[in-house]
Amino acid sequence: MTRARDVARLRGAGLPLLVFVGVLVLWEFSLAALGVQQFLLPRPSVIAGSLAEQGGLLAQAALYTATEVVGGLAIGCTLGIAAALAAARWRAARNALVPIGIAMSSIPIIAMAPITNIWFTSDAAASRMAIVAVLVFFPMLVNTIRGLTEVDPAALELMNACAASEAQILRKVRIPNALPFVFTGLKVATTLGVIGAVVGEYFGGPLAALGVYIQSEAYNFRYNHAWAAIVIACAMGIAFYVAVLVLERVLLPWHASSREVAG
Amino acid sequence: MTGSHDTTGSPEATGRPVVELQHAGKVFGEGEAAVTALESIDLTIRAGEFVTLIGPSGCGKSTLLRLIGDLIPVSTGEVRVNGKPAAQARRGREYGIVFQAPVLMEWRTVQRNVELPLEIMGLPRDERAKRAEAMLRLVELSDFAGKHPWQLSGGMQQRVAIARALAIDPALLLMDEPFGALDEMTRERLNLELMEIWRRTGTTIVFVTHSIPEAVFLSSRVAVMSARPGRITRVIDVDLPQPRGNETREQTRYFQLVTAVREALRQGGAEDVIGDSEGLGPAEAERIRAEGYA
């Protein structure tokens with residue numbers, strides 16, 4: 001039983017891996033045949049070489065950008081969840097907060113970056129953290145509100161029959177019900193967070209930051225270096241996403257999305 | 001709080017009144033849009049009784065159950081539970097309730113689901129565990145205490161819901177079509193189990209159903225309701241001997257009572273409920289007819 005599942009899982013992981021390797025191989029050998037210029041799209045082996053060569057600086061840049069992402073996520077998610085708790089509890093808060101959330105979500109990040117640079121100075125990580133926080137606030141707010149309010153009416157009736165207090169209903173029904181929704185919001189937030197931090201860095205920041213590095217290397221025609229940094233940014237996005245996924249499986253083993261593993 | 005009272009579970013139960021409805025009525029909406037769901041219901045249910053509310057869809061039987069549980073307020077008249085106003089009884093946690101869906105919290109294990117009302121009452125952990133274990137023994141699910149609801153069948157989930165409702169040792173158990181979503185075989189087995197639980201706990205039960213055989217099999221009295229506006233048109237005493245078992249369903253008296261309830265429903269204008277309430281699909285009815293001719 002367990003072995004059969006392991007084999008199935010290996011097969012499930014094997015196919016995408018095969019496609020990935022196939023694309024790399026095709027990329028590696030077709031560019032020369034098609035006569036694509038090196039600076040337009042370097043071969044994977046060249047990018048890998050740059051990764052090794054620039055490893056130290058890239059690691060430093062990745063660490064700096066990751067700090068911005070984590071800081072921004074912490075601020076944005078905390079505010080989003082807190083606002084959702086207020087919005088789920090009081091209709092007035094909901095009517096006030098949701099339009100603000102929508103307005104915040106429609107701010108183009110490009111418009112925000114020069115402003116936050118003035119607020120916090122462009123060298124401060126806080127400038128990008130603010131951008132990330134604004135970006136993730138809305139998905140966290142909306143998802144958490146849904147989780148807190150989309151509760152089985154019969155569950156509320158049951159709690160009423162038990163003469164449960166509002167606080168008990170929140171603790172024993174609404175919050176556990178909201179957790180899967182919070183994780184859905186977090187998955188969106190991590191992806192948005194990496195994009196927000198890297199794009200925010202295009203408008204300024206220390207040299208050892210992924211966005212700044214990508215821009216300056218591209219400006220100086222070292223496209224293979226820029227590509228190496230893009231690969232790192234991509235890997236960071238995936239790493240954050242997987243971290244959230246693992247956290248979800250650990251914290252919510254009862255949820256439908258975890259059942260295959262838990263059962 | 002305690003459901004301790006001596007009863008033989010016979011229809012002549014003369015215990016203290018547990019549910020008293022006096023001219024109880026319910027109107028939904030206001031003015032032009034007002035709909036009278038229930039009109040002047042009078043019914044007294046005594047300790048140890050098993051009373052079924054039966055009627056066509058829309059007759060207000062579930063609404064009536066919710067009035068007793070103070071889950072919705074009455075518009076007119078009075079509802080008393082354990083001699084107190086229904087709201088006071090609810091706040092005192094004097095009844096347990098089971099819905100058509102099990103309404104189990106999927107993040108809780110079976111054991112912790114049964115403990116939920118005890119947690120709300122503020123009972124200490126070890127006492128909660130002890131009571132929940134006893135309740136799971138009662139519904140014969142001790143082996144599943146550590147499982148999550150989705151690992152159980154529909155019938156087992158409903159037994160967990162019954163264990164949860166009984167965990168607070170209520171004087172009154174309200175059941176709103178608890179077996180309505182289950183297949184016929186499971187329903188009959190759970191009917192037997194419920195009879196056993198009723199005998200062992202002595203809890204007064206008010207049970208909503210639209211199945212005539214289920215109503216007759218379980219009840220000490222059947223309150224027949226009609227729709228628009230919802231009223232109790234007849235109350236039929238079910239004088240089948242206790243304890244009831246599979247053989248009960250084969251007694252002549254059982255069939256007479258099924259017919260009596262059906263007649264009462266028909267007189268109440270519930271033509272539409274008759275066909276599907278017997279638990280016979282068209283194919284099964286066809287087979288029985290064919291056998292009759294053979």
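Predicted model: local features only at pLDDT ≥ 70, side-chain atom pairs only at ≥ 80, totals over all residues.
View 1. Domain 1 of chain B is assigned to 17-94 + 171-293, and domain 2 of chain B to 104-169. Where these domains touch, 11 residues come from domain 1 of chain B and 9 residues from domain 2 of chain B. On the side of domain 1 of chain B, the largest share, 4 residues, belongs to helix α6 (residues 184-201) of chain B, and that side as a whole comprises 7 nonpolar, 3 polar and 1 charged residues.

**View 2. The contact of chain B with chain A.** Here 16 residues of chain B are in contact with 14 residues of chain A. On the side of chain B, the elements that give two or more residues are α2 (86-91) and α3 (110-121) of chain B, with α3(B) providing the largest share, 3 residues. By class, this side of chain B divides into 10 nonpolar, 2 polar and 4 charged residues.

**View 3. The packing of helices α3 and α8 in chain A.** Helix α3 (residues 55-89) of chain A packs with helix α8 (residues 166-201) of chain A at an angle of about 140°, their axes being 9 Å apart, and the crossing of α3(A) with α8(A) is right-handed. The residues that meet include Thr65(A), Gly72(A), Gly76(A) and Ile81(A) in α3(A), and Arg174(A), Leu186(A), Gly193(A) and Glu201(A) in α8(A). The residues of this contact of α3(A) with α8(A) fall into 11 nonpolar, 6 polar and 3 charged.

Terms used: Residues numbered from 1 in each chain as written. Chains lettered and ligands numbered in written order. Axes fitted to C-alpha atoms, helices over the stretch in contact; angles between N-to-C directions. Left-handed = near helix turned anticlockwise from the far one by under 90°. Contact = placed C-beta atoms within 7 Å. Nonpolar A, V, L, I, M, F, W, Y, C, P; charged D, E, K, R; others polar. Domains from an automatic or database assignment.
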